[in-house]
Each structure stands twice: as C-alpha cells, then as structure tokens.
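Please load the model and follow along.

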Amino acid sequence: RIAERIGRPVVLVGMMGVGKSSVGKRLAGLLHWNFIDADDEIERSARMAIPEIFDTYGEGYFRDGERRVIARLLEDGSPTVIATGGGAFCNPATRQLILERAVAVWLDSDVDTLVERTARKDNRPLLRDGDPREILAKLRNERAPAYSQAPIHVVSANGPHTQTVNRVLEGIA
Ligand code: S3P
C-alpha cells in the first residue's frame with residue numbers, strides 16, 4: 001500500500017496558481033487521506049480573510065500565523081495532504097518544520113500558467129499592486145532556491161491536473 005509506505009504527511013509547496021489545492025485534493029482522494037488547505041485554516045483561526053490579515057496586520061504577522069497553523073497541522077503526523085500558501089516554504093522556520101515532519105513536494109510551472117490560474121481569483125494581496133505577470137515572474141525567481149530544497153520536484157503542465165497528480169504519486173511512493 002502506497003499510503004502506508006509514505007508514512008508522513010505530504011506538503012505541497014510552490015507558487016500561487018500552480019495548483020497546490022487542486023492537486024492536493026485529488027491526491028488525498030487517491031490515497032484516502034484528509035486534505036487540508038493551510039490558507040483556509042489560517043482564515044478560520046484568524047476569523048479573517050487573507051487580504052484582510054495583510055491589510056490589518058501586515059505580511060510579517062501573516063507569516064507567523066502561517067507557521068503556527070502549519071506546525072499544528074503537522075503535530076500528530078496523521079496521514080494528510082496539506083496545500084500551503086506560496087510563501088510558506090520560503091519562511092526558514094516554516095520550511096524547517098515541513099522538512100522535518102513531512103514529505104515536501106515542489107509543484108512548479110511556467111509563468112504563463114501561473115498568470116492564467118491566478119487570474120481566476122482576486123484574493124491574493126501580493127498581486128494587487130502591479131502587473132501580476134511581473135510580480136509572479138520575480139517571486140518565482142526569488143523563491144526557487146527555497147522551493148528547490150523540497151526533496152521532490154514536479155512540473156505541472158498547463159492543462160488537466162491528472163498527470164501532475166500521477167507524477168506526485170510516483171515521486172512520493
Ligand atoms: C502567498 C500565497 C497565497 C497566500 C497569500 C500569500 C504567497 O496562497 O498564502 O496570499 O506569498 O505566495 P496560494 O499560493 O494558495 O495562492
């Protein structure tokens with residue numbers, strides 16, 4: 001059984017719009033594991049939407065809350081697939097925690113795909129103040145060294161997630 005062999009929670013990391021939540025849900029379905037979206041958990045804990053947290057308290061406060069929520073989700077090591085927000089794995093403390101307690105999978109795709117997928121929702125504070133394509137390209141460059149510390153790297157093509165999910169499964173099994 002693949003699920004037993006993995007033995008640790010699986011944490012998806014990578015840029016906004018790469019498909020961490022969609023891929024995570026499908027992967028959890030295949031493994032018969034729970035799926036948790038860390039951003040949803042943060043919003044539940046804070047009783048605030050993410051843009052509101054950024055506006056009211058700033059990014060530093062958000063990163064700290066994000067680390068605490070992810071620490072809590074990884075506490076008992078139960079078989080769970082967790083999708084993280086794009087900046088989580090770039091925070092050294094959060095990254096260390098994930099590397100210690102989970103199998104981290106970096107989902108990556110080209111900037112065109114990120115632009116297309118992030119355009120579907122207007123809930124990302126980091127994309128508000130400028131051209132999304134420029135911001136996404138810059139962040140992807142800056143963050144690649146952090147993301148590359150994940151032991152598994154899967155490229156997500158622009159199209160259905162089935163193939164990506166299968167590649168993640170091959171990577172972790
Ligand atoms: C962020 C990504 C978002 C969310 C917040 C910050 C980032 O999550 O955590 O807006 O720093 O890349 P998604 O990756 O799910 O969009």
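## Terms and basis

Helices (H or I, at least four residues) and strands (E, at least two) are DSSP runs, numbered from the N terminus.

This is a predicted model, in which local features need pLDDT of at least 70, side-chain atom pairs count only at pLDDT 80 or more, and totals for chains, interfaces and linings use all residues. Residues are numbered from 1 along each chain as its sequence is written, and side-chain values use heavy atoms, with hydrogens and water left out.

## Strand pairing

In β4, Val-103, Val-105 and Leu-107 point one way. Ala-104, Trp-106 and Asp-108 point the other way. How many residues of β4 are buried? The count is 6 of 6, where buried means under 20% relative accessible area, exposed over 50%, and partly exposed in between (1.4 Å probe, protein chains only).

## Helix α9

α9 spans residues 162-172, and its buried residues are Thr-164, Val-165, Val-168, Leu-169 and Ile-172. They lie on the same side of α9 because they cover an arc of only 140 degrees around the axis. The arc is that of the directions from the helix axis to the C-beta atoms. An α-helix has 3.6 residues a turn, so residues three or four places apart point the same way. On the other side of α9, Thr-162 and Glu-170 are exposed.

What covers the buried residues of α9? The cover includes α1 (2-6), β1 (10-13), α2 (20-31), β4 (103-108) and β5 (152-155). Contact here means heavy atoms within 4.5 Å.

## Largest pocket

The largest pocket holds about 790 Å³ of space. It has 32 lining residues, and the closest to its centre are Ser-21, Asp-39, Lys-121, Asn-123 and Arg-124. Two or more lining residues come from each of α2, β2 (34-37), α3 (38-46), α4 (50-57) and α5 (59-74). α2 gives the most, with 4 residues. By class, the lining has 9 nonpolar, 10 polar and 13 charged residues.

A pocket is an open set of points on a 1 Å grid over the protein atoms alone, where a 1.4 Å probe fits, with protein on both sides within 12 Å along at least five of seven lines; lining residues have an atom within 4 Å of a point. Grid points are joined across faces, edges and corners, and a volume is the space filled by probe spheres set on the points. Ala, Val, Leu, Ile, Met, Phe, Trp, Tyr, Cys and Pro count as nonpolar, Asp, Glu, Lys and Arg as charged, and the others, Gly among them, as polar.

## Second largest pocket

The second largest pocket has a volume of about 160 Å³. Its lining includes Ile-42, Met-48, Ile-53, Tyr-57, Phe-62 and Arg-68. α3, α4 and α5 each give two or more residues to this lining. The largest share, 5 residues, is from α5. The classes are 8 nonpolar, 2 polar and 1 charged.

## Positive phi

Most residues other than glycine have a negative phi. His-32, not a glycine, has a positive phi of about 60 degrees. His-32 sits in the loop between α2 and β2 and counts as exposed, at 67% relative accessibility.

Arg-47 has a positive phi of about 50 degrees and is not a glycine either. Its loop is the one between α3 and α4. Arg-47 counts as exposed, at 76% relative accessibility.
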